Amino acid sequence: MWFGLLGETEVRAADGSPVAVGGPRPRALLALLLLDAGHVVSTDRLIDGLYGEQPPKEAANALQAQVSRLRRKLGGELIELTPAGYRLTVDPDSVDVHRFTRLARETDDAAVLGEALALWRGPALADIEAPFAEPQAARLEELRLTAIEDHADAVLAGGGAESLVPELQELAKAHPLRERVHSLLMRALNSSGRQAEALAAFEGIRRNLADELGADPSPELAEAHLAVLRAEPVRGAGVPAQLTSFVGRDDELDRVGELLRTSRLVTLTGPGGAGKTRLAIESAGRAGSEVCFVDLAAVRDGSELPQAVLGALGLRDTSLFGAPGQADPVRRIVSALTDRRILLVFDNCEQVIADAAQLVHRLLSACAGVQVLATSREPLTITGEALCPLPPLSAVPAVRLFTERAAAVAPHIDLDEETVRRICAALDGLPLAIELAAARLRTIPLAQLETRLEDRFRVLSRGSRTAAPRHQTLRAVVEWSWGLLSAEEQELARRLAVFTGGATVASAAAVSGLSEEDTEDVLTELVDKSLLETSGGRFRMLETIRVYSAERLDEAGERERFARAHAEYFLELGRVADGHLRRSEQLEWLARLSAEHANLHAALRWSVTAEPRLALQLIGALTTYWRLHGVLGEIIPLAGQLLEILGDEVPAGLEEEYALTVLSAGPSDVDEHLRRLETIMATLDLPVRQPYLLVAWALYGGPPSPDAPQTTIQERFAETEDPWFVALGHFSMSYLKLFNGDIDAAEPELNASLERFRSVGDRWGMAQVLDGMATLADYRGQREHAVALTDEAIELVGELGAIEELAELWYRRADRLRYDDPRAAAAGYERSAELARRAGVAATLALAHLGFGELARQRGETAEAKRWYEKALAECGPDWQSASARTKVLTAQARIAEAEGDLDRAGALHRESIDLTLGLQFHTYLVDALQAYAGLVLREGDGDRAARLLGLADALRGHSVADDPDVTRVRDQVGAHRRSYEEGRTMTFADAVTLVTDPTGSRRTRIRSRSAHRDLFPP
């Protein structure tokens, strides 16, 4: 017999038939005995368990009577009377409680734990009303939760993170203080590339623990948090979790596996609804390598394709600490994938087939470890492409698919197999058509379903079925399913077509014009009829059905009305979110906007051509999100297109939004746009509607000239009381002081800025200031303090999920440890290189290689150092970040040449580095170049010129600093040349700025001592 307590009490005979136990008392007695199956349970324990503290006077007799009745139900031999009490003589493994406990405790295998959890049919002891039930149910529930956690842990270890997220989110909601659940949720989100949501989850549990218990997070939770902050591992989008079983494509699954073992490009072809995406997902799960799923359903233009791939790979394309890079996105993808073994799943290629083919060809040519599994209605037509056309489902799997989907909506229906076979044949064995038809059995009997399909196709067959009969079959089934919807269901379904990234109840209601209660009811009906999928509170249409719904929207003449409603809804969401993105709740709002990313992009795409004014407002409301989330590059083409449409017009009242659009569009050949931008910024006044405009302008324009007149907004900064603007004002002033070489005056500005940013909770601002403070400490030779500040910045940047910035900060941290702790520095360079490689940031990877070279030079391993320097130069591209890295590599190579006695080569390398630095206009790098050049000049015997170079370097930086050993040695040797050193020190910061901002030399006469200048930079 089989006994169940994990749910309502259940007893089944050997043949599987149910055995009636009786009313509440017999069930309670049986449960007590089952909990100790095979062991004696004393009479006293049974009486206490059944009656509690107030048993009846004849409790023993009552118990004996209950036992007798239970024996008659189960068979007399199962309950044994002993002098000490009663024993149920059954194998504990035939009781779900004991089988569950054994399986859960004896293994950490995901499959076995899944089997154990499958034994649960509901809350334990659900129908038992007795004093013992509540504590026993609580004990078993705790065991279940532990088993769920162990199962999730095992699945995460196997790389199946995405499928766990919905269950863990629900569990975390139900157990807001259970730390292991939240830790597992964070790990699952992080492994799925959803770092912002993982950090938001940590913030929630941390706040709950503090508010409810006054406690800090456990070590396990803190470790999970640290892993997210370090972005370990940096992963792209895994395959989407599937809500139904995989049926009917076993032969094709084997075929795809075989093709992937021999080909680097496999394309699944077939019409919409043939099951290409599902087969690709199942095949990817068996690939045995890292998988990244690239969904191209929302991509409408080839220019958006590289950004879609970058997004799927989890790669940011902006920098928090500098002006936006203009590196080619395809080059960034290639850089990120060069050393990776990965399977890219490109789904829905038919929408951008030519561009997809070109990109796939480039990736396969440049990245030896990349394989591509594509789905498309037509081949990519690339050399080496292996095709796998999807035929119709054969009869047996088609019937099985229909039967399984029917059981989900009508579990008790009796299906006639022959009728089902005829229905599947009429549907051409098309999986989506079969699923749509099966979903109707909830309201239509099987025989009537067959008749309706026959009538529908009889009418359709009079038309042409020559070109693509399976296409026509699918359309016929979608039309038929649509025709069976109520008017209210059709209305909502067609209006949902404007949503590209799925919808919530709230967003669907707001856009469609229905109440939330009515919307939720209709959405549920559409899910039941397989017109929608639902997961995690979001509702999503399959692309085939969305296209059909969009046609009905056009047919109803509602496209513009609801596309506008959609854009206006997400504009309002962006406006509300914008303020929160500068406060402590920025992680929660980043996660919320991330979930709507596809809708935000679709809203902007529509409004650029249909309503440019609305497009400007969207750019204004969403630029902060795009920047912090690292997806600003996605809107560059749209921003450029919007500027073309606007032409000479700057819409009244939207000057700030226009300025952000110009900055978002990147470098432009249209001088008029830049002139308008400069005019807007010169006349800007507080309060501003778009606070991030001030940041974007600073990143674009760099520090103003020291003698430039103050703008209106600079003057008004001193008057504002808004804490975020006050913080930004102090931060701006600190960098002006640093650029003027007045580092002592910069320190209080940095402190004031950090205090204000902390008060509002803006992690971006805090990270910016901490990085500045670390630079200041480094200038002063306080390397330990600089490292501590960098660590704090790393934590904050990690919370924002800024992978590129993490790579850069890890490099800086390693550089600050290079002399004092070479081993820690090597680990930091390795961490920086790993992140830079994954993120496709060539410049930072070059700097990490340079760091390894410098460590080798410190050890006296010249050949090894040279090898790393060459690797660094090979990584440098055409962007300014790479050029800045190149200046450092050239300086390092010059020092090697000096050590080898090749002074001519050393001089040429130093001069190349200085010229490149002048072109970049980075005075900090010029300081390093001048200090290094001083060593060569000293070796050549010119102590006066070497001293003057050091004086100029110290003037640029503000004071003498604790340099690296090479510079310290030079400084010690030129001590006798004090007058020359002081002459170099007389060069003011204004002189230095002129030098830095004039790479051609046309204005170098502004340097006070022209003779000194000629001495420093001879022809």
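Helices (H or I, at least four residues) and strands (E, at least two) are DSSP runs, numbered from the N terminus. Two strands pair if DSSP finds at least two bridges between them. The structure is a predicted model: local features need pLDDT of at least 70, side-chain atom pairs count only at pLDDT 80 or more, and totals for chains, interfaces and linings use all residues. Residues are numbered from 1 along each chain as its sequence is written, and side-chain values use heavy atoms, with hydrogens and water left out.

Strand β5 (residues 85–88) pairs with β3 and with β4. Strand β3 (residues 40–42) runs antiparallel to β5, and three bridges join the two. Within this pairing, V40 stands opposite R87 of β5. Strand β4 (residues 79–82) is also antiparallel to β5, with four bridges between them. T82 has G85 in β5 as its bridge partner.

Salt bridges were then examined. Side chains of opposite charge can pair when their charged atoms come close. A salt bridge is defined here as a side-chain nitrogen of Lys or Arg within 4 Å of a carboxyl oxygen of Asp or Glu. The search of the whole structure returns 60 salt bridges. For R178 and E149, the closest N and O atoms are 2.6 Å apart. R178 sits in the loop between α7 (165–174) and α8 (179–191), and E149 in helix α6 (residues 133–157), so this pair ties together parts that are 29 residues apart in sequence. Both residues, R178 and E149, are buried. Burial follows relative accessible area: buried is under 20%, exposed is over 50%, and partly exposed lies in between (1.4 Å probe, protein chains only). R178 and E149 also belong to a salt-bridge network, which links them with E142, D150, D153, R180 and R187.

Two further pairs were examined. R676 and D648 form a salt bridge at 3.3 Å, N to O. R676 lies in helix α31 (residues 671–683) and D648 in the loop between α29 (636–646) and α30 (655–665), so the contact ties together parts that are 28 residues apart in sequence. R676 counts as buried because its relative accessibility is 12%. D648 counts as exposed, at 68%. R945 and E940 form a salt bridge at 3.9 Å, N to O. R945 is buried, with a relative accessible area of 11%. E940 is partly exposed, at 45%.

A patch of negative charge lies on the surface. Its members are E488, E516, E517, D518, E520 and D521. Patches are made of residues with over 30% relative accessible area and no salt bridge; like charges are joined within 9 Å, and nonpolar side chains (Val, Leu, Ile, Met, Phe, Trp, Tyr) within 5 Å. Asp and Glu count as negative, Lys and Arg as positive, while His and the chain ends are not counted. Helix α23 (residues 516–528) supplies the largest share of the negative patch, with five residues. D521 is placed in helix α23. The relative accessible area of D521 is 46%, so D521 is partly exposed.

One position in helix α43 was also examined. I914 lies in this helix (residues 903–920). I914 is buried, with a relative accessible area of 3%. I914 and L930 are 16 residues apart along the chain, and their C-alpha atoms are separated by 7.5 Å.

Terms used: Areas by Shrake-Rupley, 256 points an atom, 1.4 Å probe, with all protein chains shown as cover. Charge placed at Lys NZ, Arg CZ, Asp CG, Glu CD.
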